[in-house]
Amino acid sequence: MAIDSPLRPNLTISGQPMSTPLRDVRALSRQMVGHFVENVVPCGTLPGEAIYGDITTITRVCLELAASMLDGQNIPEKVEKLEEAAAGWAREGVPIDAIHDAIHAGFKMGVDLVVSKLTAKDFDTFVDSSKTNIEILHTLTSAISRAYFRELRAVVSEHHTAVHTLTSALLGGRPTSTMARECGVAIAESYVVLAVSIPRHRDEHNPALDTQVVARRKLRRTQAELAARCGGSALSLLSIDGGTILLPAGQHSDEELDELVAGLSRAAQVGITAALVESVPDQIPGAVDQAHELLDMVHRLHCVTGLYRFDELALEYQLTRPGPGREYLGAVLTPLDEHTELLETLQLHIANNLNRQRTARALHVHTNTVDYRLKRIGQLTGFDPSQPSGLWYLRSALIARSYHPTDAASRQVG
């Protein structure tokens, strides 16, 4: 990146150019690097080839750049050279804090050298040089930060693309060993497959806001929380309304998985629902289908948000499979089609764990009204909800009915 610096008069101290103490860049750079190793903590932790190669080289470039700016010369070539070096450090993993600490330590040493022969007659020059010194430091730190950010963004994008490709291959049942080596991700022996549903944020309903921006910010918060909790072990394909996450099995306890979904909900600021199935790598496509079928069932049953496991809902899952059993159970509630208040009472009564008081409060009716409606349900369907066997059939009928074509159509219309 070319930077034009306006030509300014040479700055002098005691009749000599202010840049004079910086002219022997080779000797001075070695002296500064020795100081960095002894006094700048991040630099002392770097390998020798980085210290006496990259750090020494960049110190020399910075000294040349500072001397040029003190002499009032244009400096675009040196800035470009500095950015090229910084991009290389970013690729090699040299911490940016080590570079900035070295820059500031070297800058202090350089200023000490420049003003060492300062006299009272040089006061005006000192004022002018202070402004120039601030400009020099700004130029150095900006060039390095800009190059680091640009390079790291490219590296992250490349890694993200590779991981995205690997995740797609696992979900699609394609060979993954070569892709895994290329993106540095080890394939686990088995995976926890999470089917995830992310509802709309309240601000996505606000017509005064850009709903796409709101949705993307919600997704970024979710992805950031997933990365913070699971690091690079999580493989995910997520959109603004959900998707699939793969986690190495055994890496997280059941409690940690529950907390993971709760943490994602807090980050997204919406109630996230997830369904879990475990699978070996070559059976992941089938496990993904099963997890999303389970998630769909959870939504149809109006379950609260959170994490659901297959073994917790195996009976409900089986009841929703196509066949004569589902058709029979779905028809059990047909007599209630003309009595919507009875169907609503049954759903709420079961959802409230058969608590008559809570059901009555939810319906804004007296408990006697709840008792009467439950009795009418038994008369119309032939299954008494006050008896365990009758309640079991009615609950099973509600589950099967959630997949009944007529019921699905009514939900879509509503």
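Predicted model: local features only at pLDDT ≥ 70, side-chain atom pairs only at ≥ 80, totals over all residues.
Residues are numbered from 1 along each chain as its sequence is written. Local features need pLDDT of at least 70 and side-chain atom pairs count only at pLDDT 80 or more, while totals for chains, interfaces and linings use all residues; side-chain values use heavy atoms, with hydrogens and water left out.

**Stop 1: helix H9**

Select residues 254–268, which form helix H9. Helices (H or I, at least four residues) and strands (E, at least two) are DSSP runs, numbered from the N terminus. The expected span of a helix is 1.5 Å times one less than its number of residues. For the 15 residues of H9 that gives 21 Å, and the end C-alpha atoms are 21 Å apart, so the two agree.

Next, pick out the buried residues of H9: Leu 257, Leu 260, Val 261, Gly 263, Leu 264, Ser 265, Ala 267 and Ala 268. Buried means under 20% relative accessible area, exposed over 50%, and partly exposed in between (1.4 Å probe, protein chains only). To see what covers these residues, show helix H8 (211–230) and the strands E3 (191–197), E5 (242–248), E6 (273–279) and E7 (306–309), which are included in the cover.

**Stop 2**

Contact means heavy atoms within 4.5 Å. On the H8 side, select Lys 218, Arg 221, Thr 222, Glu 225, Leu 226, Arg 229 and Cys 230; on the H9 side, Glu 259, Leu 260, Gly 263, Leu 264, Arg 266, Ala 267 and Ala 268. By class, this contact has 6 nonpolar, 2 polar and 6 charged residues. Here Ala, Val, Leu, Ile, Met, Phe, Trp, Tyr, Cys and Pro count as nonpolar, Asp, Glu, Lys and Arg as charged, and the others, Gly among them, as polar.

Show the side chains of Glu 225, Arg 229, Glu 259 and Arg 266, which are linked in a network of salt bridges. A salt bridge is a side-chain nitrogen of Lys or Arg within 4 Å of a carboxyl oxygen of Asp or Glu.

**Stop 3**

The whole structure has 14 salt bridges. Start with Glu 204 and Lys 218, whose side chains meet at 2.9 Å, N to O. Glu 204 is in the loop between E3 and H8 and Lys 218 is in H8, so the pair ties together parts 14 residues apart in sequence. Glu 204 is buried at 7% relative accessibility, and Lys 218 is buried at 1%.

Move to Arg 356 and Asp 371, with closest N and O atoms 2.7 Å apart. The pair links helix H14 (residues 356–363) with helix H15 (residues 367–381), across 15 residues. Arg 356 is partly exposed at 28%, as is Asp 371 at 29%.

Then select Lys 108 and Asp 112, paired at 3.5 Å, N to O. Both lie in helix H5 (residues 96–114), 4 residues apart, about one turn of the helix. Asp 112 is partly exposed at 40%, whereas Lys 108 is exposed at 55%.

**Stop 3: two loop residues**

Select Asn 353, in the loop between helix H13 (340–351) and H14. Asn 353 is not a glycine, yet has a positive phi of about 60°; its relative accessible area of 63% makes it exposed.

Finish at His 364, in the loop between H14 and H15. Phi of His 364 is positive, near 60°, and at 72% relative accessibility the residue is exposed.
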